[in-house]
Amino acid sequence: MPSQRTLTIVIAAYNEEAVLPEMHQRLSSVLDGVDAESQVLYVDDGSRDGTWAVLEALAAADPRVRLVRLARNFGKELALTAGLDRVHTDAALVLDADGQDPPELIPAFVAKWREGFDVVYGTRTRRDGETWLKRFTAAGFYRVMQRLSQTPIPPDTGDFRLMSRPVLDALRTLRERQRFMKGLFTWVGFRQVSLPYERAPRLAGGSKFNYWKLWNLAIEGITSFSTVPLRVATYLGLFSALAAFVWGVFIVLRTLVWDDPVQGWPSLMTVVLFLGGLQLVALGIIGEYLGRLYLEAKQRPLYLVADERKGDRCL
Ligand code: UDP
Ligand code: MG
């Protein structure tokens with residue numbers, strides 16, 4: 001049995017000055033009651049507001065706080081990667097800064113971990129304070145992912161999860177640049193268990209994800225974990241080629257046998273435009289994957305760190 005003593009809470013924060021003090025208050029009172037030696041690692045994802053100053057104040061007051069500041073806004077996935085890369089404890093637990101993932105549940109996560117699970121992931125049973133459109137699009141995304149990907153991503157699962165040392169070590173070997181953390185978390189395997197919880201509304205401020213960002217995240221997720229769209233393009237092409245062949249034979253026969261006079265400009269235009277559109281879509285799909293290859297090939301670092309602090313009681 002590997003050691004299960006120490007725990008790091010990893011929190012990515014982007015422009016969260018309004019929520020962090022209350023969040024840390026709640027968090028530290030929960031951690032006082034947790035039966036594990038714990039610390040909190042905040043990753044400032046290049047915030048433009050006073051987030052870093054707020055974090056410095058928290059660190060000055062609490063020796064269990066550790067800080068990392070990224071050189072710019074790299075996005076939540078990379079901010080979490082930066083945090084998880086720095087965890088040396090027996091487990092890490094990822095939490096949103098805005099209080100939507102209630103820290104009061106941490107003891108329940110730890111209990112499951114002690115039962116012997118390597119990954120404990122929170123599953124949302126309710127999404128308060130989110131519009132029907134967000135719920136609808138989120139549900140649609142999980143359905144599509146379920147269909148397309150070989151590593152089924154559990155639906156309604158965010159980044160709220162606890163991971164044991166072996167899982168953290170495994171994650172650290174996945175250095176792809178285009179990161180879709182929910183997928184990577186699942187891909188590594190190990191003994192995983194779901195912990196249902198009710199997702200609370202944000203404490204303050206607005207969501208940092210608009211629909212365009214979410215759409216891009218969805219494309220990221222699909223293209224990182226599935227090549228099915230490429231195959232769909234192939235089948236579409238095959239299907240339309242077959243249909244065109246059958247129709248071509250028909251036209252030839254009609255001209256030869258029934259001596260049909262030339263006609264059909266509208267149908268010609270329809271077919272030309274339709275096939276042109278299909279080709280562009282297929283090219284676009286190929287382009288998506290090619291672009292990802294290009295980004296991987298450059299071998300840039302995943303993120304850049306501008307500043308780091310470590311409290312006296314950090315592990
Ligand atoms: N976040 C981040 N970098 C970003 C966007 C968001 O680190 O570029 C953090 C944010 O501070 C929060 C978490 O990711 O802790 C979730 O963001 P948010 O609450 O805006 O997303 P939602 O809950 O609406 O999906
Ligand atoms: Mg949120």
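Me: In this predicted model, is phenylalanine 190 buried, exposed or partly exposed?
Reply: Phenylalanine 190 has 13 other C-beta atoms within 10 Å. A residue counts as buried at 20 or more such atoms and as exposed at 12 or fewer. With a count of 13, phenylalanine 190 is therefore partly exposed.

Me: Where in the chain is phenylalanine 190 placed, and what is its phi?
Reply: Phenylalanine 190 belongs to the loop between α7 (181-187) and β7 (192-199). Its phi is positive although the residue is not glycine. The value is near 70°.

Me: Which loop holds glutamine 299, and what is the phi of this residue?
Reply: Glutamine 299 is found in the loop between α10 and β8 (305-310). Here too a residue other than glycine has a positive phi. For glutamine 299 the value is near 60°.

Me: Is glutamine 299 buried or exposed?
Reply: Glutamine 299 has 8 other C-beta atoms within 10 Å. The limit for an exposed residue is 12 or fewer. Glutamine 299 is therefore exposed.

Me: How are α9 and α10 oriented relative to each other?
Reply: Helix α9 covers residues 228-258 and helix α10 covers residues 265-297. Their axes are 9 Å apart and the packing angle is about 160°. Angles over 145 degrees count as roughly antiparallel, so α9 and α10 are roughly antiparallel.

Me: Which hand does the crossing of α9 and α10 have, and how do its contact residues divide into nonpolar, polar and charged?
Reply: α9 passes α10 in a left-handed crossing. On the α9 side the contact is formed by Pro229, Leu230, Ala233, Leu236, Gly237 and Ser240, which meet Leu275, Leu278, Ala282, Ile285, Ile286 and Tyr289 of α10. The contact residues comprise ten nonpolar, two polar and no charged.

Me: Where does UniProt place the feature "transmembrane region", and how far apart are the end C-alpha atoms of residues 232-253 and of residues 265-290?
Reply: The unreviewed UniProt entry places the feature at residues 232-253 and 265-290. In the model, residues 232-253 are 100% helix and 0% strand, and residues 265-290 are likewise 100% helix and 0% strand. The end C-alpha atoms lie 32 Å apart for residues 232-253 and 37 Å apart for residues 265-290.

Me: How are α5 and α8 oriented relative to each other?
Reply: Helix α5 spans residues 132-148, and helix α8 spans residues 211-225. Their axes come within 10 Å and cross at roughly 10°. Angles under 35 degrees count as roughly parallel, so α5 and α8 are roughly parallel.

Me: Which residues of α5 and α8 meet, and how many of the contact residues are nonpolar?
Reply: Thr137, Phe141, Val144, Met145 and Leu148 represent α5 in this contact, and α8 contributes Leu214, Ala218, Gly221 and Ile222. Two of the contact residues are polar and none is charged. The number of nonpolar residues is seven.

Me: How are α1 and α2 oriented, and what is the hand of their crossing?
Reply: The axes of α1 (residues 20-33) and α2 (residues 51-61) come within 10 Å, with a crossing angle of roughly 30°. The two helices are therefore roughly parallel to each other. Their crossing is right-handed.

Me: Which residues make the contact of α1 with α2, and how do they divide?
Reply: Leu20, Pro21 and His24 of α1 face Thr51, Val54, Leu55 and Leu58 of α2 in this contact. These residues divide into five nonpolar, two polar and no charged.

Me: How many residues of α3 are buried, and which are they?
Reply: Helix α3 (residues 76-85) is mostly covered, with nine of its ten residues buried. The buried residues are Lys76, Glu77, Leu78, Ala79, Leu80, Thr81, Ala82, Gly83 and Leu84.

Me: With which residues is proline 2 in contact, leaving aside its neighbours within four places in sequence?
Reply: Proline 2 lies in the segment before β1 (6-13) and is exposed, with 9 other C-beta atoms within 10 Å. Its C-alpha atom is separated by 9.3 Å from that of serine 164, 162 residues apart along the chain. The contacts of proline 2 beyond those neighbours are with Asp90 and Arg165.

Notes
Residues are numbered from 1 along each chain as its sequence is written. Chains are lettered from A and ligands numbered from 1 in the order in which they are written. This is a predicted model: local features need pLDDT of at least 70, side-chain atom pairs count only at pLDDT 80 or more; totals for chains, interfaces and linings use all residues. UniProt positions are given in the numbering used here, feature names are shortened, and annotations may be inferred rather than shown by experiment. Helices (H or I, at least four residues) and strands (E, at least two) are DSSP runs, numbered from the N terminus. Two residues are in contact if their C-beta atoms, placed from the backbone, lie within 7 Å. Axes are lines fitted to C-alpha atoms, for helices over the stretch in contact, and angles run from 0 to 180 degrees between N-to-C directions. Angles under 35 degrees count as roughly parallel, over 145 as roughly antiparallel, 65 to 115 as roughly perpendicular and the rest as oblique. A crossing is left-handed if the near helix is turned anticlockwise from the far one by less than a right angle, and right-handed if clockwise. Ala, Val, Leu, Ile, Met, Phe, Trp, Tyr, Cys and Pro count as nonpolar, Asp, Glu, Lys and Arg as charged, and the others, Gly among them, as polar.
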